[in-house]
Amino acid sequence: IQPYRTLENVIEGAVLTFVDITEMVLAREKLRRLAVVVRDAHDAITMHDLDGRFLAWNPGAERMYGWSEAEALQMNVRDRIPQELQSEVQAIKYRLIEKETLAPFRTRALTKSGAVVNIWMTITALLNEAGHVYAVATTEKLDG
């Protein structure tokens, strides 16, 4: 709402501007539903940038690995990988940067207690509007 002024700078009314927010409301609802799926999923769902810093950590990841979301967001993906698998992770990173689609695979991961668990992992490269990989999302579940 803005005042309507004459050339003599006298207010003689108001100007109302209406904006259609239908798309924004629909997008917000879709995001809300997606957030519920991620939050309530039994599997661990994580996201990290290309340097390995965690950007997202769902409650399933908390249950599976023992780190809270706040703790995980201070960590690097390398903190969860057994030493003997570190070089394998670099190879996977380069395949993702090349936008290669990876099939789900078995691997191992460390928990907060230091235990090594066998998991099934699905990795998805996340692309920005220019089509470049900017982050990686994973879905993980215990093997067995």
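This is a predicted model: local features need pLDDT of at least 70, side-chain atom pairs count only at pLDDT 80 or more; totals for chains, interfaces and linings use all residues.
Residues are numbered from 1 along each chain as its sequence is written, and side-chain values use heavy atoms, with hydrogens and water left out.

**Exercise 1. Bridges and hairpins**

Find how many bridges join β5 to β6, β6 to β7 and β3 to β4, then locate the glycines with positive phi in the two hairpins.

Step 1: take β5 (residues 105-110) and β6 (residues 116-127). Six bridges hold this antiparallel pair together, and Leu-110 has Val-116 as its bridge partner. Five residues sit between the strands of this hairpin, and Gly-114 has a positive phi near 95°.

Step 2: move on to β6 and β7 (residues 133-142). This pair is antiparallel too, over nine bridges. Met-121 is partnered by Glu-140 in β7; keep that glutamate in mind for the last exercise.

Step 3: finish with β3 (residues 44-49) and β4. Three bridges join them, again in the antiparallel sense, with His-48 facing Phe-54 as bridge partner. Their hairpin has four residues between the strands, and Gly-52 in the turn has a positive phi of about 95°.

**Exercise 2. The aromatic cluster**

Identify which residues form the aromatic cluster, and classify the ring pairs that Trp-57 makes with Tyr-65 and Trp-67.

Step 1: Rings of Phe, Tyr and Trp (its six-membered ring) pair if their centres lie within 6.5 Å; planes under 30 degrees apart count as stacked, over 60 as edge-to-face and the rest as tilted. By this rule there are three aromatic pairs.

Step 2: take Trp-57 with Tyr-65. Their centres are 6.0 Å apart and their planes make 45°, a tilted pair.

Step 3: take Trp-57 with Trp-67. Here the centres lie 6.5 Å apart and the planes stand at 70°, so this pair is edge-to-face. Trp-57 belongs to β4 (residues 54-57), while Trp-67 is in the loop between α2 (59-65) and α3 (69-72), so the pair ties together parts ten residues apart in sequence.

Step 4: check burial (buried means under 20% relative accessible area, exposed over 50%, partly exposed in between, with a 1.4 Å probe and protein chains only). Trp-57 and Tyr-65 are buried, and Trp-67 is buried as well.

Step 5: assemble the group. Phe-54, Trp-57, Tyr-65 and Trp-67 make up one aromatic cluster.

Step 6: Arg-80 lies over the face of Tyr-65, 4.1 Å from the ring centre; the rule asks for NZ of Lys or CZ of Arg within 6 Å of the ring centre and within 35 degrees of the ring normal.

**Exercise 3. Salt bridges**

Decide whether Arg-80, Glu-140, Glu-71 and Lys-112 are buried, partly exposed or exposed, and say which salt bridges they form.

Step 1: apply the cut-off. A salt bridge is a side-chain nitrogen of Lys or Arg within 4 Å of a carboxyl oxygen of Asp or Glu, and the structure holds nine.

Step 2: pair up Arg-80. Its partner is Glu-140, with the closest N and O atoms 2.5 Å apart. Arg-80 is in the loop between α3 and α4 (86-97) and Glu-140 in β7, so the bridge ties together parts 60 residues apart in sequence. Arg-80 is buried at 4% relative accessibility, and Glu-140 is buried at 1%.

Step 3: pair up Glu-71. Its partner is Lys-112, at 2.8 Å between the closest N and O atoms. Glu-71 is partly exposed at 31%, and Lys-112 is partly exposed at 45%.

Technical notes. Two strands pair if DSSP finds at least two bridges between them.
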